[in-house]
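Thanks, everyone. Let me put the model up on the screen, and then we'll walk through it piece by piece.

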Amino acid sequence: PKLGLIYKSRPADSDDLTAMKGIAKVLEQRLHEFGIYTYKQIAVWTDEQVKEFSSRLAFKDRIHREKWIEQAKELHLKKQGQA
């Protein structure tokens, strides 16, 4: 629950997280290590989950500053063909 929805292995519908501003290949790999593979997972993060990932990734406020949740929501909608 601390991390929200996480996957034990890569799901078939995983996304290219590097499409988000602020996420390069190295960071994408670290997110994969935590079980984060999709825009939808990031889009639904709560404040508590953002704090937990900020701590685990050693990023003070980067998730908010770079608007990861907003970007993830937008990319998820585009992927669904709704944007």
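Start with D15. D15 is buried, at a relative accessible area of 9%. Buried here means under 20% relative accessible area, exposed means over 50%, and partly exposed is in between, using a 1.4 Å probe and protein chains only. You'll find D15 in the segment before α1. Its contacts are E28, Y37, T38, Y39, K40 and K79, leaving out residues up to four places away in sequence. Contact means heavy atoms within 4.5 Å.

A word on what you're looking at. This is a predicted model, numbered from 1 along each chain as its sequence is written. Local features need pLDDT of at least 70 and side-chain atom pairs count only at pLDDT 80 or more, while totals for chains, interfaces and linings use all residues, and side-chain values use heavy atoms, with hydrogens and water left out.

How confident is the predictor? pLDDT is its confidence in each residue, from 0 to 100. The chain averages a pLDDT of 93, and 96% of the residues score at least 70. As a reminder, where pLDDT is low, the predicted coordinates should not be read in detail.

Now the helices. Helices are DSSP runs of H or I, at least four residues, and strands are runs of E, at least two; both are numbered from the N terminus. Take α1, residues 25-33. Which of its residues are buried? They are L27, E28, L31 and H32. Seen down the axis of α1, these fall within an arc of 145 degrees, so they line one face of the helix. That arc is taken from the directions from the helix axis to the C-beta atoms. V26 and E33 are exposed, on the face turned away from the buried side. The buried residues of α1 pack against α3 (47-57), α4 (62-65) and α5 (68-79). After α1 comes G35, with a positive phi near 90 degrees.

Next, α3. Its buried residues are Q49, V50, E52, F53, S54 and L57. The cover over them includes α1, α4 and α5. A58 follows α3, and its phi is positive, near 60 degrees.

On to the rings. Rings of Phe, Tyr and Trp (its six-membered ring) pair if their centres lie within 6.5 Å; planes under 30 degrees apart are stacked, over 60 edge-to-face, and the rest tilted. By that rule there are 3 aromatic pairs. In one of them, F34 and F53 have ring centres 5.9 Å apart and planes at 85 degrees, so the pair is edge-to-face. That pair links distant parts of the chain: F34 sits in the loop between α1 and α2 (39-43), F53 in helix α3, 19 residues apart. F53 is buried, at 0% relative accessibility. W45 and F53 also pair, this time stacked, at 4.3 Å centre to centre with 15 degrees between the planes. W45 is buried too, at 6%. Ring pairs join F34, W45 and F53 into a cluster.

One more ring. The charged end of R62 sits over the ring of F59, 4.5 Å from its centre. The rule: NZ of Lys or CZ of Arg within 6 Å of the ring centre and within 35 degrees of the ring normal.

Last stop, E66. Where does E66 lie? In the loop between α4 and α5. E66 is buried, at 16% relative accessible area. Setting aside residues up to four places away in sequence, E66 touches K21, G22 and Q71.

Conventions
pLDDT is the predictor's confidence in each residue, from 0 to 100.
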